[in-house]
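Please open the model in your viewer and keep the selection tool at hand. The stops below say what to select next and what is there.

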Amino acid sequence: MREVAPQDVIFSFRARKIVAVSVAQSYAYESPKPAEFGLAGPNWEKIGWRVDVAYIVPHNQIEPREHMAVLAPLLPKRYAPLQPNGDGLQGVYLAEVPRIFAEVLAGLIGEDVRQLVSVVADRPSVVGSAAKGLDEWEEHIQMDLVKDRSIPETEKSAIIKARRGQGLFKQHVMEIEKECRITKVDNPVHLIGSHIKPWRDSSNEERLDGENGLLLTPSIDHLFDRGFISFENNGDVLVSRVADDVSLTRMGVRAGERVNVGGFTHQQRLYLDFHRESVFLQAQ
């Protein structure tokens, strides 16, 4: 899932048929298990990965096993999504296939899908849906906080303000951090208390923990919160391969250069482990 990027074409295989064809509209991002799933997937984690897509249901839902004479030679040698007889592999949830395989499969399904695969690379990417999904998730969490009578009102207010990097959380961060790690801006008026482990993933205690934060300017906070940049434990800046170099430079990150912003505390490094694993965009 972490390798999916906008404009990737996804073939949905169910009950031996291709039942839908989608175009990815976002990179993978964290999301709660949808309520409409009900009891499905009882062993799944409550928080997983989500990719927003635009999809069509083809009129001609073919069974790949009926076309393996054509498809089998085009399958990847490793991590193929289909067995030689055309049945699916239970151990493979999402697999990359060669473009030629996708084009041939699309042609077998029908002209509408064939055109979709052939022209999708020329369409502009849509990457705003992930931000919308994350905001909706956080709004839902905040509404639950407001309704929670077990939390004192002063603490509740501090936790809600922490979502925007302000209030008590920012004060706690300022006891550890003195300036933006990248731009070196040190005027608190221009700085945000940016959560390392995102507010949406944190416990109430972690949401107010100063060591779960960095002081960042708004543009750097955006890059960090959305996973376009991260940090190694030694202070080296990590830049996602999906980030736009021109935008990075204009926002204060020198793309292509090794930049070190200094060391972190032990607890900050633990939070950074989470950020690199669950927030930093890994798409190739």
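Across the whole structure, a search finds 18 salt bridges, a salt bridge being a side-chain nitrogen of Lys or Arg within 4 Å of a carboxyl oxygen of Asp or Glu. This is a predicted model, in which local features need pLDDT of at least 70 and side-chain atom pairs count only at pLDDT 80 or more, while totals for chains, interfaces and linings use all residues. Residues are numbered from 1 along each chain as its sequence is written, and side-chain values use heavy atoms, with hydrogens and water left out.

Select glutamate 103 and arginine 99. They form a salt bridge whose closest N and O atoms are 3.0 Å apart. The two are four residues apart in helix H2, so about one helical turn separates them. Helices (H or I, at least four residues) and strands (E, at least two) are DSSP runs, numbered from the N terminus. An α-helix has 3.6 residues a turn, so residues three or four places apart point the same way. Glutamate 103 is partly exposed, at 31% relative accessible area, and arginine 99 is partly exposed at 47%. Buried means under 20% relative accessible area, exposed over 50%, and partly exposed in between (1.4 Å probe, protein chains only).

Next, select glutamate 111 and arginine 114, another salt bridge, with the closest N and O atoms 2.6 Å apart. Both residues lie in helix H3 (residues 111–119), three residues apart.

Now select arginine 163 and glutamate 139, whose side chains meet in a salt bridge (3.2 Å, N to O). Arginine 163 is in helix H5 and glutamate 139 in helix H4, so this pair ties together parts 24 residues apart in sequence. Is arginine 163 buried or exposed? Arginine 163 is buried, with a relative accessible area of 10%, whereas glutamate 139 is partly exposed at 35%.

Turn to the interior. A nonpolar core is a set of buried Ala, Val, Leu, Ile, Met, Phe, Trp, Tyr and Cys residues joined through side-chain atoms within 4.5 Å. The largest such core has 34 residues, of which Ile182, Leu214, Ile220, Phe224, Ile229, Phe231 and Val261 touch the most other members. Elements that each supply at least two residues include helix H6 (167–174), strand S7 (213–216) and helix H8 (218–225). H4 gives the most, with four residues.

Centre the view on phenylalanine 231. Beyond its neighbours within four places in sequence, its contacts (heavy atoms within 4.5 Å) include Asp236, Phe264, Leu272 and Arg276. Leu272 and Arg276 are among the buried residues of H10.

A second, separate core of 18 residues includes Ile62, Ala102, Ala106 and Val117.

Finish in the loops. Glycine 91, between H1 and helix H2 (99–109), is exposed at 77% relative accessibility. Proline 152 sits in the loop between H4 and H5; its C-alpha atom is 62 Å from that of leucine 71, 81 residues away along the chain. Valine 57 lies in the loop between strand S5 (53–56) and helix H1 (68–71) and is exposed, at 53%.
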